[in-house]
Amino acid sequence: MINNILFILITVLSLLTISRIIAVSNLIDTIRGRKPWEVTLKENGINAFLCLMMVFFGWFLYFYFYIKYVRGGLLLPEAASLHGKDIDVLSDVSFTIISVAYLLVQPFLWYFAFRYRMRPEGRAYHFAHNTRLEMVWTIVPAIIFCTLIFYGLKIWIKVFFSETEGDKLTVELYAQQFSWTARYAGSDKKLGEANYCMISDNNQLGIITPETIDEQIAKIGEKYKAVLHALDNFPDPAKFKELKRERELLTHQMKVLSDLKKQSAQKPFADGQDDIVILPAVGEFHIPVGRPVELKMRSQDVIHSAYLPHFRVHMYCSPGSITTFTFTPTITTQEMREKLAKEDFDFLLYCNNICGSAHFNMQMKVIVETEEQFNLWLSQQKTFSASRAPANSVPADTAKTSAQMATL
Amino acid sequence: MATTITTPTDVLEHSAHAASAHHHREPFITKYIFSQDHKMIAKQFLVTSIFWAFVALIMSIIFRLQLAWPGQGFVITEMLMGKWGPDGVLDPNAYLSLVTMHGTIMVFFVLTAGLTGTYANLLIPLQLGVRDMVNPFMNMLSYWFFFASSVVMFISLFVESGPAAAGWTIYPPLSALPEAIPGSGLGMTLWLVSMALFIISSLLGGLNYVATVINCRTKGMKMTRMPLTIWCFMTAAILGILSFPVLFAAALLLIFDRSFGTAFFLSDIYINGMALEHTGGSPVLFQHLFWFLGHPEVYIVLLPALGIASEIISTMSRKPIFGYRAMVASMFAIAGLSFIVWGHHMFVTGMDPFLGSVFTFTTLLIAIPSAIKAFNYITTLWKGNIVLSPGMLFAIGIVSLFISGGLTGIILGDSALDITVHHTYFVTAHFHLVMGIATLFGIIAGVYHWFPKLYGRMMNNQLGYVHFWITMVCAYAVFWPMHYLGLAGVPRRYYSNTAFPMFDNLQDLNVIITVAAIIGGLAQLIFLYNFIYSIFWGPKAPQNPWRGTTLEWTAPVEHIHGNWPGEIPEVHRWPYDYSIEGEKEDFIPQNVPLREHELKEAAKHH
Ligand code: HEM
Ligand SMILES: [Cu+2]
Ligand SMILES: [Cu+2]
């Protein structure tokens with residue numbers, strides 16, 4: 001309390017003091033026949049000097065951070081993917097150009113402000129335009145930027161349009177608030193189809209197989225019955241509204257499921273059986289070095305973004321569509337650890353699109369290893385149908401909360 | 001009471017008080033509240049946006065505290081955030097709300113309304129020699145829609161489930177589903193309502209600005225004799241008229257999706273244990289619509305700031321702006337291109353990569369006219385006789401920030417490089433420098449420079465200098481280090497970086513940024529004090545304190561309806577006749593008739 005009063009008192013007093021000082025200095029100016037708002041030569045000189053200092057401040061910022069962070073290895077390490085190396089070269093070239101521009105152009109601005117400061121009896125030089133000069137600084141940047149555009153586009157096209165050679169590995173990354181699930185195609189090399197209406201405790205990705213369809217229909221049927229029952233028991237108005245909405249949604253879901261059931265008469269829906277699902281609780285997924293990896297991204301709820309900066313990979317995951325990004329890892333986790341002399345280094349996949357409260361902690365490790373190690377690891381994982389034996393299921397909600405609990 | 005003015009000295013000595021005869025008492029309510037006078041409306045916009053600027057500033061300090069010292073309690077957080085800051089520790093959802101509201105308020109209420117609303121309103125009639133906007137009533141409505149929009153947004157800060165929290169870009173589904181984040185409940189509804197009102201305000205204002213510039217210039221004010229400020233206000237208004245309706249449409253469709261079960265942007269969503277009924281919508285469609293406004297919006301705020309910089313730099317260097325025609329042409333090039341670059345915000349959304357390459361091409365093209373502008377500003381300083389008033393320093397600051405921030409745009413616009421830096425702090429650093437702070441400097445520079453036109457008094461220079469230097473250094477100290485966070489892979493909109501050991505050795509950067517933000521924020525109090533003090537007790541302004549050539553300096557200091565007593569000044573020359581050789585004074589106002597030798601010269605050209 002005393003503190004607050006003191007604080008207010010000091011503030012008021014200092015404001016009053018400043019007002020008095022301003023008033024008195026204005027008065028003195030007026031008595032001396034000067035206009036208080038006119039910039040005096042002395043003031044102008046001081047400010048001009050500070051402008052000159054800005055030249056050095058600008059250089060200082062650049063070099064201090066360059067030495068400490070860029071040279072000091074505190075930024076992202078070298079790219080660990082094939083296309084990433086191209087991007088890094090483009091990045092170096094672009095950064096060199098803009099650095100030079102920054103280091104040269106800023107000083108002109110601040111130096112001129114200093115050099116051509118108001119002089120007593122001074123007069124500016126009337127210089128309204130000069131076609132040749134203007135041509136120079138239209139054409140020079142135009143050439144530089146056009147070169148950059150074409151260079152950049154070349155790399156971009158390489159990233160997205162080049163045919164991958166060799167046998168590519170397809171991995172699905174499935175995003176949900178606030179965790180990642182990975183899925184590998186089994187021996188048939190095909191990811192099974194999925195539908196969001198098929199999602200349940202033991203089928204977090206909504207994979208469609210003949211068995212899961214039946215199981216889901218039974219589950220939703222139970223749920224629907226429960227809702228009807230609750231509705232019959234005269235709930236209070238708020239609850240009533242909620243239940244009605246639930247009934248609506250379950251009806252819609254049932255429709256989709258029965259459609260799927262009909263389809264299953266013609267379509268075997270067999271691709272998903274041998275898929276391998278790596279649940280969030282595992283916390284890591286593996287990929288082999290030197291082989292193209294095609295990431296297929298889906299989302300369960302809102303937009304997330306799969307960000308794997310070490311590989312220069314980044315792609316949004318939007319509900320309702322599948323996005324892809326193909327890249328070839330070139331450095332294994334072990335090699336990278338040795339290179340950086342960091343025992344605990346790991347490649348990471350994390351979310352880079354605002355998705356809710358725990359957006360800041362939605363990550364998964366990416367383990368890059370040799371083909372043999374990878375094959376061994378993959379062979380140790382259970383297939384989807386094998387993992388659905390009741391004892392092994394990890395409910396989705398548990399996984400979600402445990403990921404959240406880890407940091408909060 | 002027409003006064004003929006033939007020489008600059010006449011202008012200086014022309015008594016401002018000549019106008020007082022015209023004074024008649026107006027009721028308080030029409031003079032100060034429902035005023036249709038463009039000068040009063042300008043002041044209303046200015047004061048409202050200063051209020052908002054401080055609100056958004058305090059928000060940024062609160063979330064910066066959390067980033068620098070995650071999980072630590074702060075008295076200010078506890079005091080201001082209530083249940084969202086138990087024990088002074090910011091809640092993660094509240095963090096996102098704060099970031100969202102900070103961004104929304106800064107972009108729309110401060111930079112759009114505060115800059116255009118203030119200076120287009122003040123300067124278009126005054127610099128063109130017009131008595132008021134073509135439609136003063138619409139102009140008044142423009143302010144009151146803005147006010148209503150402000151009230152709704154302010155109320156949204158206090159709703160039970162918190163204000164909107166999906167980022168200022170409000171991408172659905174996050175912004176559509178209250179189940180996904182509490183801020184997407186009532187908070188988001190109010191956000192959308194407020195934005196709809198804001199768009200109406202902006203359109204009413206914009207139509208007026210364009211119509212006035214095109215139709216209502218004084219005699220002799222050819223388009224090519226308009227000050228660059230006017231060119232910029234007009235272009236920005238055109239951009240607004242063409243792009244804001246698209247945001248309106250997007251907001252409307254989002255309202256439908258949220259409340260009426262349509263599926264424009266929603267599809268295949270499973271949340272809270274339930275499969276939702278929406279199928280077939282596309283979240284990417286929303287992003288297209290949003291950025292079709294979102295990118296031009298950057299120039300809607302930036303162009304007026306650059307216009308203000310042009311005007312002040314020329315006046316205070318006592319030199320014509322270098323390359324007037326190139327400045328206008330490059331501004332048109334920027335404005336035109338700004339409509340076909342929106343996809344650079346969407347390189348990695350899953351948009352067709354071919355489309356991405358088109359957007360890279362158009363985006364990097366913008367760098368060319370931007371470079372021309374920067375070089376022209378610098379050349380304007382060359383061999384000047386520079387008066388470093390606070391307004392001038394802020395104008396130089398605009399150019400400095402425009403260069404620093406513009407250069408990193410070359411990285412972000414390059415689709416291949418954007419893969420890595422998209423949505424990281426590199427972006428935050430880039431847009432704060434080039435758009436946020438540069439434009440904020442535009443508002444501030446304008447206040448210092450045109451204060452005599454706004455309030456008839458002068459601000460205190462010494463406080464202005466202290467304000468400028470602290471702000472300038474802090475602006476770089478806050479936003480420069482953010483580039484390196486981004487290059488280390490730190491995403492924006494993260495509540496804390498503690499979940500990532502790989503970011504541990506960057507924590508000292510976060511502390512530097514926050515400390516600089518606090519110091520810079522406090523420095524704004526100096527400005528606020530100077531502003532309020534000078535309104536009431538500043539020394540009375542002379543008519544033309546900066547010895548400028550444009551028409552606003554020929555109007556009397558006292559605000560009168562119709563701006564000029566008697567006849568409107570007639571224009572005889574372009575606005576940048578500074579330091580002409582052979583002239584006694586180093587400036588010739590636009591309303592001074594051509595000299596004999598100039599007449600001869602003009603005749604020769606015809
Ligand atoms: C006091 C000075 C300011 C500070 C310290 C500051 C700080 C920040 C920071 C750190 C963020 C990113 C937070 C995050 O992504 O988690 C942010 C976001 C943002 N700021 Fe500022 N800012 C300041 C002034 C401004 C100004 C003048 C503008 C005007 C354009 C502005 C516009 C924005 C926008 C549009 C966002 C993005 C919001 C979003 O991600 O949805 N800020 N600010
Ligand atoms: Cu996410
Ligand atoms: Cu843009």
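Predicted model: local features only at pLDDT ≥ 70, side-chain atom pairs only at ≥ 80, totals over all residues.

I went to the loop between α6 (136–156) and α7 (186–215) of chain B, where B:Pro173 is found. The peptide bond from B:Pro172 to B:Pro173 is cis, and I read omega near 0° there.

Next entry: chain A. Which residues does a cis peptide bond join there, with omega about -5°? I found A:Gln177 and A:Phe178. I placed A:Phe178 in the loop between β1 (169–176) and β2 (179–184) of chain A.

I also checked phi. B:Asp87 is not a glycine, yet I get a positive phi of about 55° for it. B:Asp87 lies in the loop between α4 (75–81) and α5 of chain B. I flagged these spots because most residues other than glycine have a negative phi, and most peptide bonds are trans.

On to ligand 1. How many residues surround it? I have 26, and the closest are B:Tyr95, B:His102, B:Trp168, B:His432 and B:Arg493. By type, I wrote down 16 nonpolar, seven polar and three charged residues for the shell. I then looked up which helices of chain B each supply at least two shell residues: α3 (38–68), α5 (92–128), α14 (425–455) and α15 (461–487). As for the space that ligand 1 takes, I have it down as the largest cavity.

Then the polar contacts, one by one. From B:His102, a polar side-chain atom sits 2.8 Å from a nitrogen atom of the ligand. For B:Arg492, I noted a side-chain N or O atom at 2.9 Å from an oxygen atom of ligand 1.

Last entry: the domains of chain A. I have domain 1 at 1–38, domain 2 at 39–119 and domain 3 at 167–408. Taken over C-alpha atoms, the centres of domain 2 and domain 3 of chain A are 45 Å apart. What does each of the two put into their contact? I listed twelve residues from domain 2 of chain A and 16 residues from domain 3 of chain A.

Note on methods: Residues numbered from 1 in each chain as written. Chains lettered and ligands numbered in written order. Heavy atoms only, no water. Near = heavy atom within 4 Å. Polar contact = N/O pair within 3.5 Å; in protein donor to acceptor, adjacent residues only side chain to side chain. 1 Å grid on protein atoms, 1.4 Å probe; cavity = no way out; pocket = protein on both sides within 12 Å on 5 of 7 lines; lining within 4 Å. Sits in = over half its atoms within 2 Å of the grid points. Helix = DSSP H or I, 4+ residues; strand = E, 2+ residues; numbered from the N terminus. Nonpolar A, V, L, I, M, F, W, Y, C, P; charged D, E, K, R; others polar. Domains from an automatic or database assignment. Contact = heavy atoms within 4.5 Å.
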